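This report describes selected features of one protein model.

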Amino acid sequence: MPRLPAVLAQHFAASPILKAGMARASTMAGRMGLKNIQARSMFTGGMPPGGRLPGFWLSAPNIVPVFRKGQHDKVPVEAFSIDCRPYQPGTWNEAELFDRMRSTYDTFGVVRLTNTGLTEAKEMHRYARAVVKKQMKYEGGANPREGIIENVFEVGAPNDAWLHYHHEMAYNQHSMKNLAFCSIKATPGKGDTYLSENMSVTDSLMQTDLGRKLRDKGVCYIRCLTDREAYEGMGWQQGASVYNHWQLSFGVETPEEAERVARECGLDVEWCEDPLKPESKRYMKTKLTISAFEYCPSVGRNVLYSSIADHNMWFDTWKGVHDVPPAKRPLQMTFGDGTPFTLEELQQWVSLYDEGGIRVQWETGDIVAFCNYRYAHGRPAFTLHKWEERQIGVVLGEKFQRQGTIEQKW
């Protein structure tokens, strides 16, 4: 039987269901005459509402995010939610709704519309633009996002993977000020999104050695992008050990174009041999050393702007990639001086984001727009039955060039 990492062992040591399940797996293997077999197991205890622990694992994940500590949101969802039933689309009340959206967003850094009656991405996009006024082109992004309609993108991640808390496009020299999620299709209780209120997370982090190390050293992001031609167009959806091809990430077709766009994103570029397909020499490795924090103009202070979502642990539950050895995974992350993070530091980082957690439940037609500085976002894994659907459209906000911190604004 494989040993659970210490974090999981403590988390599930008291679970009689898990113990019984593992025991039955061992007994069955023995009866079948199988020895030295790595048992696969599945469990759901301790997961936040609206999610589950992913599928079947061969080697247990090192860190289990809970996304929210306890039963209470850091900021009550009702405080930034607007019931749209009094504001029917196409009526004079619409302008009043837009004003209320902007006022709520200015106060909380997030606004949520419910009971909109909307079903089309195009309609939702128009409402999201009340807050997300300018949009950036999706270039240099990590996830393989496909367009739903113009300027509205798919999430680009498998349902059965944890999406750790993160700030969108923190791994480039440019990022975005805000973004919006539009619920095009929803199954209640499946695939809830979580936000983490970042100012409280920053305050807690800066009381720790980890926070001070992040402030002093910064972070180094290393991303490795595969060549679509080497994989004949296949990605993780087809079970390939692929995160993203550079053609999709940068929206180009040649290495020369990819390198040009990458350098415009502030990235160093190196072309290497693909560690999983040595015959491919067009494996794109990018690198960026940058502050782990960013000055937020709307609140006039420095806030945390990094997470373990850019560490190789991002793939612990990612279809097609979770069985790849960590050192060969497409994302690597260290302190800015190249020092690796310890498991304890990574766990502490995740736990602090969990303390700021806010659960956002989805109904079809809901729209959530939020500040990318003031909130990180993520979600637990989930499973849909064949008759169930979930589709979230992503609206990317205004591009800005990262400046890091301002010394007097801690």
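## Cavities

The second largest cavity in this predicted model holds about 90 Å³ of space. A cavity is, on a 1 Å grid over the protein atoms alone, a set of points where a 1.4 Å probe fits but cannot get out. Grid points are joined across faces, edges and corners, and a volume is the space filled by probe spheres set on the points. By this rule there are four cavities of 30 Å³ or more.

Fifteen residues line the second largest cavity, and S241, L276, Y283, K328 and P330 are the ones nearest its centre. A lining residue has an atom within 4 Å of a point. The lining consists of 10 nonpolar, two polar and three charged residues. Here Ala, Val, Leu, Ile, Met, Phe, Trp, Tyr, Cys and Pro count as nonpolar, Asp, Glu, Lys and Arg as charged, and the others, Gly among them, as polar.

## The largest pocket

A pocket is an open set of points with protein on both sides within 12 Å along at least five of seven lines. The largest pocket has a volume of about 400 Å³. Its lining has 16 residues, with Y105, D106, V131, K177 and N178 nearest the centre.

Helix 3 (residues 93-108) gives the most to the lining of the largest pocket, with three residues. Helices (H or I, at least four residues) and strands (E, at least two) are DSSP runs, numbered from the N terminus.

## Sheet 10-11-9-14

Four strands form an open, antiparallel sheet in the order 10-11-9-14. Two strands pair if DSSP finds at least two bridges between them. Strand 10 (268-272) and strand 14 (331-335) are the edge strands, each pairing on one side only. On average, neighbouring strands of this sheet are turned by 20° against each other, direction ignored. Axes are lines fitted to C-alpha atoms, for helices over the stretch in contact, and angles run from 0 to 180 degrees between N-to-C directions.

Strand 9 (residues 219-225) pairs with strand 14 over five bridges in the antiparallel sense. In this pairing V219 stands opposite F335 in strand 14. Helix 8 (residues 255-264) packs on the sheet and touches strand 10 and strand 11 (283-290), where contact means heavy atoms within 4.5 Å. The direction of helix 8 makes about 150° with that of strand 10.

## Sheet 5-17-8-15

Another open sheet of four strands has the order 5-17-8-15, with antiparallel pairing. Its edge strands are strand 5 (163-166) and strand 15 (357-360). Strand 5 and strand 17 (residues 375-379) are joined by two bridges, and H166 stands opposite H377 in strand 17.

## Aromatic pairs

The structure holds 14 aromatic pairs. Rings of Phe, Tyr and Trp (its six-membered ring) pair if their centres lie within 6.5 Å; planes under 30 degrees apart count as stacked, over 60 as edge-to-face and the rest as tilted. The ring centres of F67 and Y194 are 5.7 Å apart and the planes stand at 40°, so this pair is tilted.

F67 lies in the loop between helix 2 (16-31) and strand 1 (81-83), and Y194 in strand 8 (residues 193-197), so the pair ties together parts that are 127 residues apart in sequence.

## Basis of the values

Residues are numbered from 1 along each chain as its sequence is written, and side-chain values use heavy atoms, with hydrogens and water left out. As the model is predicted, local features need pLDDT of at least 70 and side-chain atom pairs count only at pLDDT 80 or more, while totals for chains, interfaces and linings use all residues.
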